[in-house]
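Hi there,

Here is the structure I promised to pass on to you. Have a look at it first, and then read on for what turned up.

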Amino acid sequence: MSAAGKQSVVMDDGGYVLPVVLRDLPGQASHFTGLVEQTTSGIRKVDGFELPLPLFSVAESDMKGMIESYGIADSAVRNTLQLLPDEKFEGQAALVLGFGRIGHEVARVLESRRMRVAVFDSDITRLVAAHEEGFLTGRSLEALVEAHRPRLVVGCVGARSFGLAQARLLPPRSFLVSTTSRNYEFGLDELREGSITVTDRGVLGTSYQLADGPDVLVLGHGMPINFHYAESLSNRYVDLVLAGLAVGAVALAGGDARLQPGHNLAATNQLLAESGIVDDYYRLYGPAAGSGRG
């Protein structure tokens, strides 16, 4: 491609390409005309870099957040319940870490399952939003865990959010569940070092008997539970996101002037809206579904 005088567009699903290029091969960054990223974990990986090219962030777009988040949350909770068919969660305490789009929906789904839901977020604006929706909240994660005693902890931060110090405060037979890409949400090395025994439970996950605390089961070994031996979303959800990735790639390849080096969330939202893919989605699944274009 370089020999032919052409550039490439990076279409990534977790920040696997551009961070490596910028860190190890910065001179090659000019080979790329832009980056399309569809995951929050991928966005976090490039946050520490000064981007020399445009980022089209499908991951943070209104389209992905407003339409896909409920599907991810519902899938995460359903998969958790399927892995633990003998447990009774109604009336039990749950804690959601992170009150972003997915965390918000997870909290609502757990509440609909009759769990007593607490929420923690280091962002005070999100914490206030969770409080005003009626969830138990607190400024200190440790104090919230100690007071609420959640048996189920769901991590939706997208980065390390819960470690050994917090796990020691959990009640016996507690469960940690992640919705984050890869196994970044929990301090798994800390849990291992602080345990008397660590047991691989196969498909179920990994059990940690803490030396001075409870027994904790990390479902799916800390990997995203919505993907664990299951499809995270139906194809009809995913089709919209894939279409958004294609819109971003076309816009970057075409040199759309609104996409400048750095983060381009406003332009991403604008280009996705202009593309008409959400209009088509509404025609397919909206109130006149199956009756033509209306």
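The largest nonpolar core in this predicted model has 26 residues. Val-96, Leu-110, Val-117, Val-119 and Leu-152 are the ones with the most contacts inside this core. Several elements each supply at least two of its residues: helices H3 (62-83) and H4 (101-112), together with strands E4 (93-97), E5 (116-120), E7 (152-155), E8 (174-178) and E11 (215-219). Helix H4 gives the most, with 4 residues. As background, nonpolar side chains in soluble globular proteins tend to be buried together.

Leaving aside residues up to four places away in sequence, Val-96 touches Gly-103, Val-106, Ala-107, Leu-110, Val-117, Ala-118, Val-119, Phe-120, Val-154 and Cys-156. There is also a second, separate core of 20 residues, and Val-145, Leu-170, Phe-186 and Val-218 are among them.

Now for a sheet. Four strands, in the order E1-E2-E3-E12, form an open sheet with parallel pairing. Which strands stand at the edges? They are E1 (8-12) and E12 (262-263); each has a single partner strand, so one side of each is left without a neighbour in the sheet. Further in, E2 (residues 32-37) pairs with E3 (residues 54-57) in the parallel sense over 3 bridges, and Leu-35 stands opposite Leu-55 in E3. Helix H10 (residues 265-275) packs on this sheet, where it touches E3 and E12. The direction of H10 makes about 55 degrees with that of E3.

Happy exploring!

Note on methods
Residues are numbered from 1 along each chain as its sequence is written. This is a predicted model: local features need pLDDT of at least 70, side-chain atom pairs count only at pLDDT 80 or more; totals for chains, interfaces and linings use all residues. Side-chain values use heavy atoms; hydrogens and water are left out. Two strands pair if DSSP finds at least two bridges between them. Contact means heavy atoms within 4.5 Å. Axes are lines fitted to C-alpha atoms, for helices over the stretch in contact, and angles run from 0 to 180 degrees between N-to-C directions. A nonpolar core is a set of buried Ala, Val, Leu, Ile, Met, Phe, Trp, Tyr and Cys residues joined through side-chain atoms within 4.5 Å. Buried means under 20% relative accessible area, exposed over 50%, partly exposed in between (1.4 Å probe, protein chains only).
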